[in-house]
Amino acid sequence: MTSAAPMIRLRGIRKSYGSHEVLKGIDLDVDQGRIVSIIGPSGSGKSTLLRSVNMLEEISHGEIWLDGVQVNSALTGRAFETHINRIRQQMGMVFQQFNLFPHLTALENVSIAPMKLKGKSKAEAEALARTLLEKVGLADKGGAYPARLSGGQKQRVAIARALAMQPKAMLFDEATSALDPELVDEVNLVMKQLAAEQMTMIIVTHEMRFAAEVSDHVLFMDGGVVVEQGPPEQVLKAPTQERTRGFLRKHLAQ
Ligand SMILES: Nc1ncnc2c1ncn2[C@@H]1O[C@H](COP(=O)(O)OP(=O)(O)O)[C@@H](O)[C@H]1O
Ligand SMILES: [Mg+2]
């Protein structure tokens with residue numbers, strides 16, 4: 001029996017800004033339903049890697065695959081645009097900054113993409129948006145504009161908005177870093193719920209406790225390379241590399 005291809009496969013990812021190489025050959029397989037956390041010091045290339053996965057950054061070398069389809073394809077022009085748009089719709093991305101449309105309500109923020117990009121009717125898109133707002137604990141906030149929501153609520157709307165495209169995987173880049181500490185748990189809870197539902201996720205985080213709880217696999221990056229990777233109990237509790245130990249020591253001392 002052949003095993004299914006991983007949901008996300010990265011091979012030899014390299015990325016340079018000018019002469020500065022910030023990703024120096026990253027390999028990663030994420031199977032369907034698996035949760036991978038990426039940790040590492042500021043500037044180590046975590047965001048660049050995540051942005052490369054859904055082609056917000058053009059990589060210099062390597063291959064990116066989503067569910068058996070190569071993301072960085074040899075297509076050009078309009079065919080490439082169509083391909084990339086389709087791929088991006090299949091990966092939900094959540095950033096530190098929520099990037100909600102300020103002039104739209106929570107319900108409209110969640111329902112707009114399925115209407116515009118998937119041709120869903122308003123009624124259909126709004127029904128889906130209501131279900132998703134309920135799922136992230138915001139059933140009563142559909143009519144609220146982002147300015148009236150807390151950071152934690154905004155981030156949960158952003159997650160619902162990403163889910164509205166029914167993605168194959170979710171990418172989180174420090175989704176809780178901009179939040180007041182008391183609002184972090186409500187967002188982490190939603191991410192844990194997604195993990196329990198077998199959503200495939202790559203999570204860049206500086207919260208070691210959350211990474212330990214939620215991840216199947218942890219990657220420690222430094223200087224554009226994966227220094228160490230493995231199950232959380234190994235990487236976070238018994239790291240073999242001095243750079244990992246140094247990072248965790250500093251991080252836990254903060
Ligand atoms: N648009 C850009 N232009 C030039 N350099 C960049 C750009 N984005 C990121 N970098 C550099 O790439 C390196 C990795 O950045 P980043 O991926 O944001 O790291 P992290 O998310 O781990 O903090 C850093 O040295 C950063 O200064
Ligand atoms: Mg970053």
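Two strands are taken to pair if DSSP finds at least two bridges between them. Helices (H or I, at least four residues) and strands (E, at least two) are themselves DSSP runs, numbered from the N terminus. The structure is a predicted model, in which local features need pLDDT of at least 70 and side-chain atom pairs count only at pLDDT 80 or more, whereas totals for chains, interfaces and linings use all residues. Residues are numbered from 1 along each chain as its sequence is written, chains are lettered from A and ligands numbered from 1 in the order in which they are written, and side-chain values use heavy atoms, with hydrogens and water left out.

Strand β4 (residues 61-66) runs antiparallel to β5, and two bridges join them. Within this pair, L66 stands opposite V69 of β5. Both strands belong to an open sheet of four strands, ordered β2-β1-β4-β5 with antiparallel pairing. Its edges are formed by β2 (20-30) and β5 (69-70), each of which pairs on one side only. Helix α1 (residues 46-53) packs on this sheet and touches β1 (8-17), β2 and β4, contact meaning heavy atoms within 4.5 Å. The direction of α1 makes about 120° with that of β1, where axes are lines fitted to C-alpha atoms (for helices over the stretch in contact) and angles run from 0 to 180 degrees between N-to-C directions.

Among the buried residues of α3 are L107, V110 and P114, buried meaning under 20% relative accessible area, exposed over 50% and partly exposed in between (1.4 Å probe, protein chains only). Their cover includes α4 (122-135) and α5 (151-163). Just after α3, G119 adopts a positive phi of about 70°.

Finally, E174 sits in the loop between β7 (169-173) and α6 (181-196). E174 is buried, with a relative accessible area of 18%. Leaving aside neighbours within four places in sequence, E174 contacts K46, Q96, V204 and H206. The C-alpha atoms of E174 and Q97 are separated by 9.0 Å, although the two residues lie 77 residues apart along the chain.
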